[in-house]
Amino acid sequence: MGKKILLEHINKPGIKSYEIYRQNGGYNSVEKALKELKPADIVEEVKKSGLRGRGGAGFPAGMKWSFIDKKSGNPRYLVCNADESEPGTFKDRYLMEFIPHLLIEGMITSCIALESNLGFIYIRGEYKWIKKILEQAIAEARAAGWLGHNILGTGYSLDLIVHPGAGAYICGEETALLESLEGKRGNPRMKPPFPAVKGLYGNPTVVNNVETIASVPWIINNGGDAYSKIGIGRSTGTKLISACGNINKPGVYEIELGLPVDEFLNSEEYCGGIKDGKMLKAVVAGGSSVPILPAELFYKTKKGEPRLMSYESLSDGGFESGTMLGSGGFIVYDEDQCIVRNTWNFSRFYHHESCGQCSPCREGTGWMEKVLHNLENGHGKMSDIDLLWDIQKKIDGNTICPLGDAAAWPVASAIRHFREEFEWHVEHAQEAQKRNYGLLKSTKEYFSALVV
Amino acid sequence: MLAVKTNKPIILTEEIQNKIREVIEQYPEGKSKSALLPVLHIVQDENAGWLSVEAMDKVAELMKLRPIEVYEVATFYSMYNLKPVGRFLLEVCHTGPCAIRKGEWLIDYLKKKLRINVGETTADGLFTLKTVECLGACGYAPMMQVGEYYYEFLETPEKVDKLLDDFRMKGFNKN
């Protein structure tokens with residue numbers, strides 16, 4: 001059993017309630033933060049811990065906090081990004097649904113560090129029942145004196161607001177989220193200025209993912225050094241991985257960073273291997289945006305080293321032969337899955353979710369979707385494959401926010417690693433037209449060489 | 001998508017108006033526009049699950065916004081329905097992780113079973129079928145959202161049939 005930090009108490013009956021949570025040491029970090037530490041000390045502990053943003057980018061959380069402008073005297077805000085909508089990712093939902101007080105405690109401790117008196121939890125609109133769970137937890141915390149005016153008699157005051165989104169993937173991007181929180185369309189802002197200087201309502205703001213904030217109480221209770229000793233290298237601590245696709249045991253797992261991917265995918269403790277005894281074809285290791293890897297490159301890096309679940313190991317080899325840990329959305333594809341169909345599906349997603357602000361993304365995502373739809377349905381041409389490559393290249397890096405890159409990478413990696421499958425769809429147009437849901441038997445034989 | 005005019009004014013009960021006021025008052029002074037998304041959710045729920053032009057105008061009036069500020073937001077977010085929907089809006093996820101675990105089958109099955117296409121409503125006004133992008137239930141596929149809740153692991157006809165029957169019962173009871 002690996003180290004558990006976030007899910008240490010998840011199986012205790014009643015942990016959702018304030019009383020049981022408190023009995024298990026809940027809210028101790030708030031007391032320590034208010035009575036024993038200065039805000040700068042809290043930031044220092046989080047810096048020492050090496051905790052990296054768990055939303056996908058992996059930016060050091062303590063460093064992000066230290067950028068917040070405390071000199072201007074303007075109100076500062078902490079905004080929790082609970083807009084979880086990266087395909088393959090359902091970890092934040094698990095935390096908020098089953099141990100909601102952990103996020104509330106993390107919000108309070110983090111707000112103390114940032115010297116903020118108002119925090120927001122921006123939760124995706126579809127999680128309607130979870131919004132109620134969080135509101136209930138906030139009410140309980142307030143009744144117990146952890147929120148409101150003059151907390152623990154220290155003179156510090158804090159309020160938290162749960163704010164629902166309304167169905168827009170783009171609002172997971174931090175500046176789009178802030179626009180949305182201001183009651184506008186979710187169009188990302190140009191950076192700089194960064195939110196730490198000009199964020200919500202033009203005031204200094206930090207935006208952190210649910211899991212990042214939920215990791216703060218443990219760090220404050222046990223110290224940043226203790227946290228930094230868990231994990232491997234610069235991938236410190238634990239990470240929630242939401243595993244899905246063709247595996248025996250889909251679900252949310254907390255792993256110590258550095259766990260071998262083989263163990264994560266095949267051991268009974270985690271995913272339990274590929275469903276129905278099938279073979280592994282490919283893995284998307286960190287949410288739909290990250291490059292897809294064929295089985296052999298997933299298990300081993302190009303240099304032949306076994307791959308680990310860590311920021312560094314998964315990205316070993318760059319995009320040529322590696323991928324990213326991303327949000328921890330772990331999607332597994334068995335031998336029956338069609339890569340062209342999956343790439344088309346993801347392209348449709350990004351086309352649907354593009355906010356339309358930047359031309360390369362607005363036009364490019366729709367174009368890629370159409371070309372992929374043609375290929376998938378047996379109406380493609382060989383030149384379409386190069387065309388797709390060309391379009392994705394022109395989107396990547398040419399948009400205000402990373403949605404453009406996120407739309408380009410799955411297409412690029414699918415062509416890079418599975419070009420033969422795209423060609424097959426052109427050469428066998430009639431068969432491609434007949435295919436339903438999964439791959440055709442004949443296709444499977446053709447691709448058996450690619451499967452591990 | 002074009003908004004639909006009904007020429008019927010929206011009347012909100014005192015209770016709902018108070019609820020809206022409470023939501024607005026949460027936000028810092030002078031930042032009441034922040035409440036637009038939650039207020040649209042409340043009004044949509046009150047207006048049979050969709051937003052007519054009149055409903056959006058009502059929100060503009062309550063929040064002291066120009067109507068265009070409401071329209072541009074309501075048309076941006078996929079959860080706001082700009083045309084009437086059935087009593088039960090079946091929002092089926094069709095994104096990758098669901099698609100590779102019978103998500104596509106679920107949509108086809110619902111189409112056949114309800115004899116409607118995606119985007120249509122059954123003649124009895126009970127069901128509207130809608131496909132949506134990733135709802136964050138990838139490990140519990142195939143799934144759909146109906147109202148407040150998620151219905152997951154809908155991988156067999158029996159499970160889907162039972163769920164539809166339950167909704168029908170609820171629908172009849174209300175009438």
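Me: What makes up chain A in terms of domains?
Reply: Chain A is split into domain 1 (18-229), domain 2 (235-334) and domain 3 (339-450). Those bounds come from an automatic or database domain assignment. Keep in mind that this is a predicted model.

Me: How do you know that domain 2 of chain A touches domain 3 of chain A?
Reply: Two residues are in contact if their C-beta atoms lie within 7 Å. By that rule, 11 residues of domain 2 of chain A meet 11 residues of domain 3 of chain A. On the domain 2 side, strands E11 (280-284) and E12 (293-294) of chain A each supply at least two of the residues. That side has eight nonpolar, two polar and one charged residues. As for spacing, the C-alpha centres of domain 2 and domain 3 of chain A are 22 Å apart.

Me: Why is strand E1 of chain A called largely enclosed?
Reply: Buried means 20 or more other C-beta atoms within 10 Å. In E1(A), residues 77-82, six of the six residues are buried, so the strand is largely enclosed by the rest of the structure. Both faces take part: A:Tyr77, A:Val79 and A:Asn81 point one way, A:Leu78, A:Cys80 and A:Ala82 point the other way, and all are buried.

Me: Which strands pair with E1(A), and how many bridges are there?
Reply: Strand E2 (residues 118-123) of chain A runs parallel to E1(A), joined by six bridges. There, A:Tyr77 has A:Leu118 as its bridge partner. Strand E5 (residues 205-209) of chain A also pairs with E1(A) in the parallel sense, over five bridges, and A:Leu78 stands opposite A:Val206.

Me: Why are helices H6 and H9 of chain A called roughly perpendicular?
Reply: The label covers angles of 65 to 115 degrees. H6 (residues 100-114) and H9 (residues 210-222) of chain A pack at about 75°, with their axes 8 Å apart. That angle falls inside the range, and H6(A) and H9(A) are therefore roughly perpendicular to each other. The residues of the contact divide into nine nonpolar, three polar and one charged. Among them are A:Leu102, A:Leu103 and A:Met107 in H6(A), which face a group in H9(A) including A:Val210, A:Ile213 and A:Ile220.

Me: Why is A:Ala414 called buried?
Reply: The cut-off is 20 or more other C-beta atoms within 10 Å. A:Ala414 has 25, so it counts as buried. This residue is found in helix H18 (residues 403-427) of chain A. Leaving out residues up to four places away in sequence, A:Ala414 touches A:Ile292, A:Ile339 and A:Thr343.

Me: What makes up the contact between chain A and chain B?
Reply: Chain A puts in 47 residues and chain B 37. Several elements of chain A supply at least two residues each, including helix H7 (128-143), strand E4 (156-164) and helix H15 (339-353). H15(A) gives the most, with six residues. By class, the chain A side has 19 nonpolar, 20 polar and eight charged residues.

Me: And chain B, what elements does it have, and in which order?
Reply: Chain B has six helices and four strands. From the N terminus on, they run α-α-α-α-β-α-β-β-β-α. The domain assignment gives domain 1 (14-74) and domain 2 (88-174), with C-alpha centres 29 Å apart. Of the 175 residues in chain B, 39% are buried.

Terms used:
Residues are numbered from 1 along each chain as its sequence is written. Chains are lettered from A and ligands numbered from 1 in the order in which they are written. This is a predicted model: local features need pLDDT of at least 70, side-chain atom pairs count only at pLDDT 80 or more; totals for chains, interfaces and linings use all residues. Axes are lines fitted to C-alpha atoms, for helices over the stretch in contact, and angles run from 0 to 180 degrees between N-to-C directions. Angles under 35 degrees count as roughly parallel, over 145 as roughly antiparallel, 65 to 115 as roughly perpendicular and the rest as oblique. Ala, Val, Leu, Ile, Met, Phe, Trp, Tyr, Cys and Pro count as nonpolar, Asp, Glu, Lys and Arg as charged, and the others, Gly among them, as polar. A residue is buried if 20 or more other C-beta atoms lie within 10 Å of its own, exposed if 12 or fewer, and partly exposed in between; C-beta atoms are placed from the backbone. Two strands pair if DSSP finds at least two bridges between them.
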